[in-house]
Amino acid sequence: MSNIELINASCADQTVDVVVNAANGGLWAGGGICGVIFSKAGNKELTAACRKYNTPLADGSAVITPAFNMTNAKAIIHAVGPNFAVTPKAFKELFDAYYNSLKVMMDNGYHSISFPLISSGIFGGSLSNPVAESTKQCCRAYKSFIEEYPVYDIDVLLCAFSSSEMLKAQAEFNNHF
């Protein structure tokens, strides 16, 4: 039985098969959750693994690397969320970042995943509520995935880091479940 849960925590701290990095198209260490994940996994090892991919990756793409020094996960999926300051109507690409992460997880035989709120921080651009938009697209991607793959059970944690993000995410999450 598949499940999705919204929690007030860092995705990098969850014990899951796969932690999702809100990645940039170049797959280099960035700020926010991206910087945290690179630090926890081992900057040198993760940078070397990311360099094996042909970058820049398109918005909505998702690729996988080992988790290296992260003892709470087996792998890291790098999901490239759109920068709404550059592409203000990139809602499909945000959906794709979540959906493609779930596909990559399944294609690698994993069942549990923790997501940050992709494109809700510096990539939120001029969206009035980037946290709600990210939550909405995660919920949509989850529903699409379990409809398309009903026998592949998944456990999804959507992680709102701050208490203010949690309030905004909870309001949107309650509209879907």
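Helices (H or I, at least four residues) and strands (E, at least two) are DSSP runs, numbered from the N terminus. The model is predicted.

1. Ser-119 is placed in the loop between β5 (112–115) and α4. Its phi is near 60°, a positive value in a residue other than glycine. Ser-119 is also buried, with a relative accessible area of 6%.

2. Leu-27 likewise has a positive phi, near 55°, and is found in the loop between β2 (18–23) and α1 (32–41). Because its relative accessibility is 4%, Leu-27 counts as buried. Most residues other than glycine have a negative phi, and most peptide bonds are trans.

3. Thr-55 and Pro-56 are joined by a cis peptide bond, with omega about 5°. Pro-56 belongs to the loop between α2 (43–50) and β3 (62–66).

4. Helix α3 (residues 91–107) and helix α4 (residues 130–148) have axes that come within 8 Å and cross at roughly 45°. The two helices are therefore oblique to each other, and their crossing is right-handed. Residues making the contact include Phe-91, Leu-94 and Tyr-98 of α3, and Gln-137, Ala-141 and Phe-145 of α4. The contact residues comprise 11 nonpolar, three polar and four charged.

5. The largest nonpolar core contains 41 residues, and Ile-77, Ile-113 and Phe-115 have the most contacts inside it. Helix α3 supplies the largest share of this core, nine residues. Beyond its neighbours within four places in sequence, Ile-113 is in contact with residues including Val-18, Ile-77, Leu-102 and Val-156. A separate core of 23 residues includes Ala-9, Ala-67, Val-80 and Leu-157.

Key:
Residues numbered from 1 in each chain as written. Predicted model: local features only at pLDDT ≥ 70, side-chain atom pairs only at ≥ 80, totals over all residues. Heavy atoms only, no water. Axes fitted to C-alpha atoms, helices over the stretch in contact; angles between N-to-C directions. Parallel < 35°, antiparallel > 145°, perpendicular 65-115°, else oblique. Left-handed = near helix turned anticlockwise from the far one by under 90°. Contact = heavy atoms within 4.5 Å. Nonpolar A, V, L, I, M, F, W, Y, C, P; charged D, E, K, R; others polar. Core = buried A, V, L, I, M, F, W, Y, C linked by side-chain atoms within 4.5 Å. Buried < 20%, exposed > 50% of the residue type's maximum accessible area, 1.4 Å probe, protein only.
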